[in-house]
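Open the model in a viewer and keep a selection panel at hand.

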2 protein chains.
Amino acid sequence: MHVFEAIRTRRAIKKFDPNYVMSEEEIKQLLSLALEAPTAFNIQHWRFLLVRNPEIRKQIRAAAWDQEQVTDASLLILLCAKLSAWEDRPERYWANATQEARDFILPAIHNYYYGKQQVIRDEVMRSCGLAGQTIMLAAKAMGLDSCPMDGFDYDAVGKIINLPEDHTISFMIVVGKKAQEPHAKPGQLPYQEVVKIDRF
Amino acid sequence: MHVFEAIRTRRAIKKFDPNYVMSEEEIKQLLSLALEAPTAFNIQHWRFLLVRNPEIRKQIRAAAWDQEQVTDASLLILLCAKLSAWEDRPERYWANATQEARDFILPAIHNYYYGKQQVIRDEVMRSCGLAGQTIMLAAKAMGLDSCPMDGFDYDAVGKIINLPEDHTISFMIVVGKKAQEPHAKPGQLPYQEVVKIDRF
């Protein structure tokens with residue numbers, strides 16, 4: 001599927017076919033594409049948790065205002081991030097670069113994040129957004145649909161998935177076969193309101 | 001271009017052809033595609049600032065560690081967001097929905113964001129990520145290249161663009177024709193480290 005078509009036809013789907021099963025190959029393909037999304041300094045701090053156990057899916061649904069797509073879609077992906085990734089052996093993220101590049105970038109990573117909790121948090125939310133749209137557009141190209149969700153109790157879901165202390169959840173995405181067409185877009189702002197030139 | 005190819009060939013480009021000019025039609029097409037990216041509750045809080053004035057581009061480059069792509073790429077887009085968008089006439093975001101849907105969603109928006117500054121901030125960072133990858137993949141399909149950037153002085157750039165009090169900058173993206181191939185990817189983590197199953 002052409003990129004433009006995927007962008008234009010992707011919609012947040014709420015009703016999924018509960019009998020549709022994604023193959024292991026499809027899941028691997030989708031996640032491998034997600035891993036092509038960029039992260040600042042290539043720190044790859046996202047952690048994609050695939051919730052496959054039906055019992056855990058039910059628990060997460062209960063923590064997500066009982067939204068049926070949480071259990072009915074084929075795949076539930078929790079887009080999490082390791083907040084401390086920037087300081088976890090960062091030389092790995094630049095293993096194939098020249099020594100000169102590494103000597104420049106490793107101190108730059110440290111200076112950019114050290115002691116800056118809000119900067120780190122902004123970064124992981126942004127990175128999960130970049131990876132999330134990659135997943136949703138790839139799913140569309142695979143003939144599948146998706147729904148990005150942040151309507152859930154983050155603390156409750158964190159407990160269910162045993163989220164480590166130095167990790168956070170950004171949002172979740174369900175992927176599967178839609179069982180119902182979405183409504184028309186509900187009310188889009190005019191181009192001029194969201195696209196500005198030069199200065200506010 | 002197929003979605004998979006765009007995802008796999010998109011790279012952060014640092015060297016752009018300074019003579020390549022994007023047409024008005026291309027710019028409009030690119031931004032119109034960005035507007036198809038999802039936002040929670042359809043609040044469309046992103047604000048895309050296209051910096052076209054060369055003098056302002058130079059000032060932003062100075063505030064971005066003098067990185068040449070800021071002035072040499074065809075287009076510089078600052079992905080900003082209006083933090084107060086959720087409470088700015090939210091009925092507009094659901095104008096075409098049924099009264100029943102509106103009666104459900106408008107109080108839900110209020111309850112989700114009211115008094116929750118970090119939730120609002122996380123949301124805009126995530127939304128700008130979703131829109132940013134939309135832009136970068138669309139650019140790729142248009143035969144163009146891009147670079148996502150957060151290596152700049154946010155306060156200094158905010159002053160240059162006269163950023164309103166209730167707005168924030170998420171990151172910036174340059175778009176244009178690459179003048180040099182990127183290096184190989186510098187060091188990708190193994191699939192098993194970033195993709196987890198069921199629980200941490």
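This is a predicted model: local features need pLDDT of at least 70, side-chain atom pairs count only at pLDDT 80 or more; totals for chains, interfaces and linings use all residues.

**Stop 1**

Keep both helices selected and look along the line between them. Now show side chains. From helix 2 of chain B, pick B:L30, B:L33 and B:A34; these meet B:A131, B:T134, B:I135, B:A138 and B:A139 of helix 6 of chain B. Colour this contact by class: seven of its residues are nonpolar, one is polar and none is charged.

**Stop 2: the helix pair in chain A**

Move to chain A and select residues 24–34, helix 2, together with residues 117–141, helix 6. Here the packing angle is about 140 degrees and the axes lie 8 Å apart. That angle makes helix 2 of chain A oblique to helix 6 of chain A. Helix 2 of chain A crosses helix 6 of chain A in the right-handed sense. For the residues of the contact, select A:L30, A:L33 and A:A34 on helix 2 of chain A, and A:A131, A:T134, A:I135, A:A138 and A:A139 on helix 6 of chain A. Seven nonpolar residues and one polar residue make up this contact, with no charged residue.

**Stop 3: where the chains touch**

Show both chains. Which elements of chain B supply at least two residues each to the side that touches chain A? In contact are 67 residues of chain B and 66 residues of chain A. The elements to select in chain B are helix 1 (3–9), helix 2 (24–34), strand 1 (46–51), helix 6 (117–141), strand 4 (167–176), helix 8 (191–194) and strand 5 (195–197). Helix 6 of chain B gives the largest share of this side, 13 residues. Coloured by class, the side of chain B that touches chain A shows 41 nonpolar, 15 polar and 11 charged residues.

**Stop 4: a strand pairing between chains**

To find the pairing in the viewer, centre on A:I197, which stands opposite B:L50 in strand 1 of chain B.

Key
Residues are numbered from 1 along each chain as its sequence is written. Chains are lettered from A and ligands numbered from 1 in the order in which they are written. Axes are lines fitted to C-alpha atoms, for helices over the stretch in contact, and angles run from 0 to 180 degrees between N-to-C directions. Helices (H or I, at least four residues) and strands (E, at least two) are DSSP runs, numbered from the N terminus. Angles under 35 degrees count as roughly parallel, over 145 as roughly antiparallel, 65 to 115 as roughly perpendicular and the rest as oblique. A crossing is left-handed if the near helix is turned anticlockwise from the far one by less than a right angle, and right-handed if clockwise. Two residues are in contact if their C-beta atoms, placed from the backbone, lie within 7 Å. Ala, Val, Leu, Ile, Met, Phe, Trp, Tyr, Cys and Pro count as nonpolar, Asp, Glu, Lys and Arg as charged, and the others, Gly among them, as polar. Two strands pair if DSSP finds at least two bridges between them.
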